[in-house]
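I opened the model to go through confidence and helix packing. My entries follow.

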Amino acid sequence: MSTVDQAPGDPLLRVEGLQVHFPIKRGVLFDRTVGHVKAVDGVDLSVQRGTTYGLVGESGCGKSTLGRAILRLSEPTAGRVWFDGVDVASLKGEPLRQIRRRMQMVFQDPLGSLDPRQNVESLLAEPLRAHGLGGDKAAISTRLRELLDAVGLPTAALRRYPHEFSGGQRQRIGIARAITVEPDLLIADEPVSALDVSVQAQVLNLLEELQGRLGLTYLVIAHDLAVVRHISDVVGVMYLGSLVEQAPAEELYSSPLHPYTRSLMSAVPVPDPEVEDHRERILLAGDLPSPANPPSGCRFHTRCPWRQETRCDDEVPLLREITLTPTGAGALGATPAAVRPAVGGPHLVSCHWVEEIHDGRLQPKSPEEVAASQGVSIASGDTGHGTDPLIAGVDEPVGFH
Amino acid sequence: MTGTSGSPVLEVDDLAVQFTRRGEQPTRAVDGVSFSVAPGETIGLVGESGCGKSVTSLAIMGLLPQRGVQVTGSVRLDGTELLGAGPRTLRTLRGKDMAMVFQDPLSSLNPTVTVGTQVTEVLAEHRDMTGRAAQDEATELLDRVGIPDPRRRLGEYPHQLSGGMRQRALIAMALACSPRLLIADEPTTALDVTIQAQILELLRELVQGSGTALVMITHDLGVVAGLCDRVHVMYAGRVIETADRRPLFATPRHPYTGGLLGSVPRLDTGRGTPLTPIRGSARDTIPWSQGCAFAPRCDNAEDDCLTEVSGSTVPLEADGLRRELRCRHPLHATPAAAGAPAGATAASSAGASAGSPSTGSSSWSSSEGQQS
C-alpha cells in the first residue's frame, strides 16, 4: 500500500468539496444535455477512526449518492476523497480494487443485494476469493463459521439461500459479507429501514457490537434521525446536496441550530404521548425543491420559517463554526449540551442568521406565511412540473439510488 | 378523549379472515378482532408486517376478494351490518360513509386520469355534482388539504405531483363526502418526516373539525403516540393488548408491546442507551390454537403459555382500567399494582418533558392541548 504514515488523530476518511452532478439528457436522435441534477454539491466531511458518522436527510437530498461517490460506485464530478491518506479519486485498476477491500458497503434492501441463486456459503466466500484472501478450503470454511457466529446466524445457514431467511437475517448476511474482507470503513446505506421495528434493534445492536469488536469506522446513511442518533458520534444533516449542519451527536440533538435541522427534529414522532403532546412542532411549507433547479442563495430559503428579506435569497451561506452558550434551545434536550462527548468536533452550521435565531431575535413565520411570501417560487420551485416533466421527474424519491 | 359521545360509528366484533388455497392449510390472517370507534375518536391498529392489520381494514371496507377468503364475525357501520351486504350496498357506502387512504398514493391513483377527474368522480357518484359545481367543490377540497394552486393541480396527472401532494389528493378524495369513518392504512410510511408531520397535522385537524372516526393503521409507535386516543396492538392476527394511549406507553403490559417500545431508538435518548430487541422474527410464531403465538419470542413465557386451554386460547381479559390484555404472564404483575406505577410513570415523564428545554417561546405552532 502506498499509505502515508498517519498520525492516530488523522481521519480515516476525508471528503473535500465533493460534487456529483448527473446530466439531464433529452432529444430524439441526439442526446443533448439540458441541465444537471446537482445530487451532491460541494460536501466536506471527515470521519475519525473507530467512530460513526451519521448522515441524515430526506429522500432526494443526495446522501446515498454521496456514499456511493466515496466508494466510487458513482464517479464524482469534482472534489476529493482521501481514504487513509490516499486520494481515492486518482486511483485506477488494481490499486482501486485493493482499496475497495478496505471500504465496504451494506445496502438497504438485503434481498435485492444478495444473489438469489448463491447459497450463503458461496455468497460469503466470494469476496474472500475475489481479494485472494482466506487461503485454502479449510481456512475459508473456518473463517465463514467465525463470520456467521459474529453476526449471530447458525452454521446451518451456510447451505441455505437468501429467500429462506427473514429480512433481519438477510441483513445479517449482508453485514457478514461486508466484513468478510476485514474492511476499515463500512458505509451502511439505510441498513435498517427495510426491517420491522423489533428486528431493527437487533441489527443496530449487531452493528454496534461489531464496531467495538473489530474497531470498524462507520458512515451510516439514514433518513431516521432516531436511528442515527442511536449509533452516531458525529452527525451531518444534508439538504438538497449539501451539508447544512454538522456536530457531535449529543450536541446536535440537544441544540440543533439550523432551521432545517430544527424542523426535521420536531417532525420525528416520539413513541411517548407525554413528549408528543408538549413538544414544539415546526411545520415546513411545501416539498423539497427539485435538485435540477435548486433555489438561489440558501437552498432552504423557500421553506424556511426564519427566512429574511436580505441575504437568504441571494447569498449562499457557508458552513461555519458556531460557538454558542448553551441556553437550552434544544427541541429535545434530554442531556445537557455542556457535557462534551467523547468524540468532539466543531458545531458547523450553514445559515446566515443562526445567532439571531438562537437568541430569539428572529421569530419564525407559519408555513402559510412562508408559502405566501414565496408566492411564485413555491409553485414553480417545489415541483416545476408545469414546464418540464423530465426535470420534474427527478424530484421523485425513486430517482435517487 | 375527544367527542366520545353517542354510539360508535364502527363496531367490529370477532372479525376473522381466513385464506384458503387448494392443497394448503388455511391461513388465519385475522383471528377474532373486536373494537369500536366513536365519532371524533382516533384509534390505532399497531403491529409489524404480517400481523393482519391491513387485512382487517380491507375486510371492514369489503375489499377482499370473494374467492378463497372466508370473513366471519360482524362489522357494523352506524348499526348497519357490512359483512354479507351486497356489492351494491357497499358501493353506496364506500366513498360516502366510509373512506380509505392507502399507503402508496401513486398506485392508488389512476395514472391515466387527471387528479381533477378522480376527485370529481367521487362527487358525481355520491353527491350528484357535475360540471362547474363539481370543479369548484374539488378546488375547495384540494385547498382544504393544503395543496397550493389547486385549480392548476386539478388538470394534472398523479405523476406530476410529489409524494406528499399525492397523499393530500387521496385524502381530499376520501373526504369529498365527509365520511363518518376514515381508515388510513400507513398513510405516511412512504413519506419523508417533514411531509409526514404535515399529513398527520392535517388528519388531526380533520378529525377534530368534522367528528369523523379515524382508524389509523401503522407500524410506527411514534405516530400512534401523537395521534391515537386508543391503541390496539396486534400480533399474528389477534389483538394482544388494548389500552388508552397514555397508559399503554407508560406501562405496556404485554411483553410484545414492551418489546416493541424497547426496540425503537428514540430521538430523545442519546447514544449508548441500549436497545432491547425482541428475539427472533415475526416468522417464529405458533398457531394460536396451540397456545400464545408470541411465546417462542417471549422472555416471560412459561410452560403454560404453550398449552391449549379449554378449546380457546389465552383470552383477552379486561382489567377494569379500560385495558385489555391477552397474556398469562404480563410485564407488571397484577392489574392493581400496574395501576399505580402507570400514574407515577406518567407523572414523572410529564414532569421531565415539561422541564426539558423547549423553544416554545420562539415557535409559532404548537399542538399543545390538542389531544387532551
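How many contacts beyond four places in sequence does the model have for residues 1-6 of chain A? I looked this up and got 11, for a stretch where pLDDT stays under 50. I then checked residues 327-342 of chain A, where the pLDDT is also below 50. This stretch has 36 contacts in the model beyond near neighbours in sequence. This is a predicted model, and where pLDDT is low, the predicted coordinates should not be read in detail. For chain A as a whole I noted a mean pLDDT of 82, with 86% of its residues at 70 or more.

Next entry: helix pairs in chain B.

I took helix 4 (residues 115-127) and helix 5 (residues 131-144) of chain B; their axes are 9 Å apart and the packing angle is about 120°. Helix 4 of chain B and helix 5 of chain B are therefore oblique to each other. I recorded their crossing as right-handed. On helix 4 of chain B the contact is made by V119(B), T120(B), L123(B) and R127(B); helix 5 of chain B supplies A134(B), Q135(B), E137(B), A138(B) and L141(B). By class I have five nonpolar, two polar and two charged residues in this contact.

I then took helix 7 (residues 163-175) and helix 8 (residues 193-210) of chain B, whose axes come within 10 Å and cross at roughly 15°. That angle makes the two helices roughly parallel. Helix 7 of chain B passes helix 8 of chain B in a right-handed crossing. Among the contact residues I listed I171(B) and L175(B) of helix 7, and L202(B) and L206(B) of helix 8. The classes here are seven nonpolar, three polar and one charged.

How values were computed. Residues numbered from 1 in each chain as written. Chains lettered and ligands numbered in written order. Predicted model: local features only at pLDDT ≥ 70, side-chain atom pairs only at ≥ 80, totals over all residues. Heavy atoms only, no water. Axes fitted to C-alpha atoms, helices over the stretch in contact; angles between N-to-C directions. Helix = DSSP H or I, 4+ residues; strand = E, 2+ residues; numbered from the N terminus. Parallel < 35°, antiparallel > 145°, perpendicular 65-115°, else oblique. Left-handed = near helix turned anticlockwise from the far one by under 90°. Contact = heavy atoms within 4.5 Å. Nonpolar A, V, L, I, M, F, W, Y, C, P; charged D, E, K, R; others polar. pLDDT = per-residue confidence, 0-100.
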